[in-house]
Structures are given as structure tokens and as C-alpha cells.
Amino acid sequence: MSDALPDHDVMRRRRFLTWASGIGAAIAATVIGTPALAAFLAPALRKVSPKSWVKVADDISTLDVGVPIKVDFVEVANDAWVESRALRSVWLYTEDGAKFTAYSGICTHLGCGYNFDADKSRYHCPCHHGLFDMKTGAVIGGPPPRALDTLPVKVENGELHVIYQTFRSGVPEKVET
Ligand code: FES
């Protein structure tokens with residue numbers, strides 16, 4: 001007696017095996033592909049907040065009073081899959097150790113970094129000799145068209161935080177970029 005199946009049974013079995021392997025492949029692709037797709041899309045879907053509080057001092061009681069302090073930090077920005085880093089500077093000033101003013105470290109004339117001239121108690125921009133008042137940031141000499149740009153600042157649990165922002169250079173109005 002032969003074990004061979006009739007032709008129509010063989011055909012039915014082949015169709016079933018073809019169908020079953022197709023379903024299996026589809027399930028495998030879904031299981032494997034979904035997390036991979038999610039991981040691929042995740043950065044694009046992530047919400048990017050360009051403005052956030054940055055801690056610039058751990059303990060305000062350690063900061064000098066009546067003398068500007070420069071703080072440099074690295075700002076990290078995520079735009080979809082691209083992470084960029086930029087060195088930022090702010091100047092901090094306080095007269096009482098409790099209330100602080102924060103200035104962007106960028107000169108309002110053409111965007112150079114400026115320094116503090118301790119001998120003359122003023123900020124000096126080396127590019128075109130712009131001069132700014134130490135306490136108020138007002139222009140006291142040179143070509144800058146407006147005072148230094150102030151930044152939002154807050155004290156929280158003894159820490160000092162600022163929101164770093166950039167503004168247009170060379171114009172009298174403070175216009176955020
Ligand atoms: S960039 Fe500062 S004075 Fe020109």
C-alpha cells in the first residue's frame with residue numbers, strides 16, 4: 001500500500017504551507033520592525049525646548065558681590081537626530097548677594113564677546129571698544145546701539161539659573177533671534 005497522498009491533498013498542503021509561512025513572515029516583520037521603526041522615529045517626535053533654565057551657580061552665597069562674574073557653559077540642543085553644542089557665556093552681577101542680573105555675553109554691536117575691565121569698573125568689548133556700565137549694562141562709550149541684553153534669572157534652593165537667549169546685533173531694539 002502506498003503512503004502517497006492524492007494530488008489534490010498535496011496541492012492543498014502546499015497552499016497551506018505557503019499561506020502559513022507568509023503569515024509567519026508578516027508577524028516576524030511586525031514584531032521586529034515596530035520597535036526599530038519607533039526607535040528610528042523617536043528623535044523626530046521628541047519635543048525640543050530651545051529655552052530652558054540653565055544652572056550657572058550651585059550656591060549663590062559663594063558669588064562675589066559688587067563684582068561681575070563670568071560664567072561659561074555648554075548649551076546642548078537636540079534637533080531631530082542632530083545634537084549640537086555651543087559654548088555660551090553670561091555675566092552675573094549682584095549688589096546684595098540675593099538679587100541678580102544676568103547679561104548675555106555677546107556684545108550688542110556686532111556680536112563679539114566682551115570682558116570686564118576691573119581697573120575702570122566697566123565692561124569693554126575689544127572688537128570696536130564698546131563700553132558698558134558694570135551695574136546697569138548701559139552703553140557708556142563706543143558704537144554699540146543698545147545696552148547689554150539681560151536674560152531671565154532666578155534663584156532656586158540657593159542655585160542660580162538663567163535662560164540663555166540670543167538677540168539681533170547692531171540694532172537699537174532688543175529683538176530675540
Ligand atoms: S562688537 Fe562690540 S563694540 Fe563692536
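Student: Which strand is Thr-94 found in?

Tutor: Thr-94 sits in strand E3, which covers residues 82-94. Keep in mind that this is a predicted model.

Student: Why is Thr-94 called buried?

Tutor: Buried means under 20% relative accessible area. Thr-94 comes in at 2%, so it counts as buried.

Student: What makes Thr-94 and Gly-97 a polar contact?

Tutor: The cut-off for a pair of N or O atoms is 3.5 Å, and one atom must be able to donate a hydrogen and the other to accept it. Here the backbone nitrogen of Gly-97 is 2.8 Å from a polar atom of the Thr-94 side chain. The Thr-94 side chain also reaches the backbone oxygen of Lys-99, at 2.8 Å.

Student: Which residues does Thr-94 contact, leaving aside neighbours within four places in sequence?

Tutor: Asp-64, Val-65, Gly-66, Lys-99 and Phe-100. To be in contact, heavy atoms have to be within 4.5 Å.

Student: What makes a set of residues a nonpolar core?

Tutor: Its members are buried nonpolar residues joined through side-chain atoms within 4.5 Å. The largest one here has 17 residues, and Val-56, Leu-63, Val-90, Leu-92 and Leu-160 touch the most other members. Strands E1 (53-57), E2, E3, E4 (100-104) and E11 (159-163) each give two or more residues to this core.

Student: Which residues does the second, separate core include?

Tutor: That core has eleven residues, among them Tyr-93, Tyr-123, Cys-125 and Met-134.

Student: Which residues make the nonpolar surface patch of about 280 Å²?

Tutor: Val-74, Val-76 and Leu-87 make that patch. Val-74 belongs to strand E2, residues 69-79.

Methods. Residues are numbered from 1 along each chain as its sequence is written. This is a predicted model: local features need pLDDT of at least 70, side-chain atom pairs count only at pLDDT 80 or more; totals for chains, interfaces and linings use all residues. Side-chain values use heavy atoms; hydrogens and water are left out. Helices (H or I, at least four residues) and strands (E, at least two) are DSSP runs, numbered from the N terminus. Buried means under 20% relative accessible area, exposed over 50%, partly exposed in between (1.4 Å probe, protein chains only). Patches are made of residues with over 30% relative accessible area and no salt bridge: like charges are joined within 9 Å, nonpolar side chains (Val, Leu, Ile, Met, Phe, Trp, Tyr) within 5 Å. Accessible areas come from the Shrake-Rupley method with a 1.4 Å probe; for residues, only the protein chains shown count as cover. A salt bridge is a side-chain nitrogen of Lys or Arg within 4 Å of a carboxyl oxygen of Asp or Glu.
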